[in-house]
Amino acid sequence: KQLLGQTGEEAEATADRALQMSKAFGWDVNESLRAVSATQSAWGATSEESFDMFAALTQQAGDKADDLLDTFNEYSPTLAEVGWSMEDVGNAMARGMQNGAYNYDVMADALKEFKVLTTDGNDNTKEWAATLLGGKAQADKFFAGLADGSLSGSDAVGMITEKIGGMDDKNLQMQAGVAMF
């Protein structure tokens, strides 16, 4: 018996966990296994680590659009490629969903765009970061932290979304969101 490149007891444990998750959350077994396969390929995660993260996200932030598994299946390779860790993706998605994001697909796309915009040297992104973070020096420190890894993607997204969320002017809030995500 082979499952996700696993054999024997490991494959049996993964199949059992997929069935448990199906019963607990109503997930399609094959869809959950595709999502696990994607996280394994992208980040080298074990099936246990993947299922644990999916379950934690569902418990913490829900899955109102029923797209969590499909999002990880689709976006894991891309998010890993642009430098997001699986842990940072999970944390950022939980934070986004708890703060009103409509679905995980929108969050994953925003994470991808955030990483691209904060690493490509875009002047508009730099200007908005300076505005949101209180000046050019703070923005430079922010970008340097992202570049050297001392600031995680999840923490960076949290900082920026908190600042955008605290803006009173809804028009400026929208402009900042577009510039940063």
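Trainee: Which residues lie nearest the centre of the largest pocket?
Mentor: In this predicted model, M107, T161, I164, G177 and F181 lie nearest the centre of that pocket, and its lining comprises 21 residues.

Trainee: How much space lies in the largest pocket?
Mentor: The largest pocket holds about 460 Å³ of space.

Trainee: And which helix gives the most to the lining?
Mentor: Helix 9 does, with 5 residues. At least two lining residues come from each of helix 5 (86-98), helix 6 (104-119), helix 9 (153-165) and helix 10 (170-180).

Trainee: What is the lining like by class?
Mentor: The lining has 12 nonpolar residues, 7 polar residues and 2 charged residues.

Trainee: Changing topic: which residues touch the most other members of the largest nonpolar core?
Mentor: That core has 49 residues, and those with the most contacts to other members are F54, F72, M93, L111, F114 and F142.

Trainee: What is F72 in contact with, leaving aside neighbours within four places in sequence?
Mentor: F72 is in contact with A35, A38, T39, W43, M53, F54, L57, V89 and M93.

Trainee: F54 is on that list. How are the F54 and F72 rings arranged, then?
Mentor: Among the 6 aromatic pairs in the structure, F54 and F72 form a tilted one, with 5.2 Å from centre to centre and 55 degrees between the planes. The pair ties together parts that are 18 residues apart in sequence, because F54 lies in helix 3 (residues 47-61) and F72 in helix 4 (residues 68-81).

Trainee: Are those two buried or exposed?
Mentor: Both F54 and F72 are buried.

Trainee: Which residues do ring pairs link into a cluster?
Mentor: The cluster consists of F25, W27, F54 and F72.

Notes. Residues are numbered from 1 along each chain as its sequence is written. This is a predicted model: local features need pLDDT of at least 70, side-chain atom pairs count only at pLDDT 80 or more; totals for chains, interfaces and linings use all residues. Side-chain values use heavy atoms; hydrogens and water are left out. On a 1 Å grid over the protein atoms alone, a cavity is a set of points where a 1.4 Å probe fits but cannot get out, and a pocket is an open set with protein on both sides within 12 Å along at least five of seven lines; lining residues have an atom within 4 Å of a point. Grid points are joined across faces, edges and corners, and a volume is the space filled by probe spheres set on the points. Helices (H or I, at least four residues) and strands (E, at least two) are DSSP runs, numbered from the N terminus. Ala, Val, Leu, Ile, Met, Phe, Trp, Tyr, Cys and Pro count as nonpolar, Asp, Glu, Lys and Arg as charged, and the others, Gly among them, as polar. A nonpolar core is a set of buried Ala, Val, Leu, Ile, Met, Phe, Trp, Tyr and Cys residues joined through side-chain atoms within 4.5 Å. Buried means under 20% relative accessible area, exposed over 50%, partly exposed in between (1.4 Å probe, protein chains only). Contact means heavy atoms within 4.5 Å. Rings of Phe, Tyr and Trp (its six-membered ring) pair if their centres lie within 6.5 Å; planes under 30 degrees apart count as stacked, over 60 as edge-to-face and the rest as tilted.
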